[in-house]
Amino acid sequence: MRQFCVTENEAGQRFDKFLTKYMDLAPKSFFYKMLRKKNITLNGKKAEGKEKLEKGDVIKMFLSEETIEGFRSGQKKAVHTEEKLAVLYENHHVMLLNKPCGILSQKAGREDISMVEHVISHLLATGEVTEEMLKTFRPSVCNRLDRNTSGILAAGKTLPGLQMLSEMFKERTVHKFYLCIVKGVIKEPEELSGWLLKDERTNQVRVFRKERDGAKQIHTRYHPIGDNGKETLLEVELLTGRTHQIRAHLASTGHPLLGDGKYGDVGWNEAFRKEYGLRGQLLHAYRLEMPVLGGEFSDMSERCFYAPAPELFLTIAEKRGLGTWRHGIPEV
């Protein structure tokens, strides 16, 4: 017999959803049969499976160890990594991290090690989660940055934290600002609108001024911080969050991002590769403005969080005379 006491990370979900996470190889018919026969109980009583779990509920499984383990895939064991996280802010529920270039936000393939794995490994090391807890809830990141895009990544350590962050990004109540260096001179702020169409086969997008079948509307706002007569340092606010939106949208206006291998200027990028060793787009998610929050998240309410730019970004910006910087943040 196994017994569980529902924590805040399991609370709020249906009982049958909890069971399918814990024994992921078992058919649903097995759970409903066990519930009917009271081989699985909730707070000592017969349950249907549709009950919403609450913190403190007691679940008992009157099943053999062989049966329980036989219905578990064993694929959810955490990967322990040595990556040291750059934590910008942390409380009981969430973490804001400064993601370096070259790391995926989330897995693209089964063998990938992403920021999610690094977060889980960190929380296991601090004792905030255990392997047992990971069987029914896994911390995760709530916004995606491309592999070669650096900057603020928001992670939920608990289910309430994950739900709060996910809702913010879904409803776009959080404001996201990026830094990039683009080709050409831009003197005035502007808000761009258009339609973005993604090719799933090539993982590339095209931007159109008018609506197209299958295309999604995009809005991008930018503000020039400084230029040297050849390049401009931009602060970009992402008003909609589409694949490669900033990179493709700015390239469509004749101002490609420095280092962008998909939508950029090949010759321009090559010159910076030779001089500075640049091998990916200079795009950095440097600022996050939070909405009004209450309850357990009131300490984050209406706060602005910053992530210092990577060393290579700072080196290029300084040597090219692009803006005034303080502690890795430009003076806007």
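Student: Let's start with G12: is it buried, partly exposed or exposed?
Tutor: G12 counts as partly exposed, because its relative accessibility is 47%. The cut-offs are under 20% relative accessible area for buried, over 50% for exposed and partly exposed in between, with a 1.4 Å probe and protein chains only. Keep in mind that this is a predicted model, where local features need pLDDT of at least 70 and side-chain atom pairs count only at pLDDT 80 or more, while totals for chains, interfaces and linings use all residues. Residues are numbered from 1 along each chain as its sequence is written, and side-chain values use heavy atoms, with hydrogens and water left out.

Student: Where is G12, and what does it touch?
Tutor: G12 sits in the loop between β1 (2-5) and α1 (15-22). Helices (H or I, at least four residues) and strands (E, at least two) are DSSP runs, numbered from the N terminus. Not counting residues up to four places away in sequence, G12 touches K52 and L53; contact means heavy atoms within 4.5 Å.

Student: Which strands run antiparallel to β3?
Tutor: β1 does, joined to β3 by four bridges, and β2 does too, through three bridges. Two strands pair if DSSP finds at least two bridges between them. Q3 has K60 as its bridge partner in β3, and I40 has M61. β3 also has a covered face, I59 and M61, and an uncovered one, V58 and K60.

Student: Switching topic, which residues in the largest nonpolar core touch the most other members?
Tutor: Those are Y178, C180, L234, V236, I246 and L250, out of 31 residues in that core. The largest share of the core, six residues, comes from α4. A nonpolar core is a set of buried Ala, Val, Leu, Ile, Met, Phe, Trp, Tyr and Cys residues joined through side-chain atoms within 4.5 Å.

Student: What does L250 touch?
Tutor: Setting aside residues up to four places away in sequence, its contacts include C180, V182, L192, Y222 and L234.

Student: How many salt bridges are there?
Tutor: The count comes to 19, where a salt bridge is a side-chain nitrogen of Lys or Arg within 4 Å of a carboxyl oxygen of Asp or Glu. One of them joins E231 and R320, with the closest N and O atoms 2.7 Å apart. That pair links distant parts of the chain, E231 being in strand β12 and R320 in the loop between α8 (311-319) and β15 (325-326), 89 residues apart.

Student: Why does E231 count as buried?
Tutor: E231 counts as buried because its relative accessibility is 3%, whereas R320 is partly exposed at 22%.

Student: What about R221, which residue does its side chain meet?
Tutor: R221 meets E237 in a salt bridge (2.9 Å, N to O). R221 is partly exposed, with a relative accessible area of 36%, while E237 is buried, at 8%.
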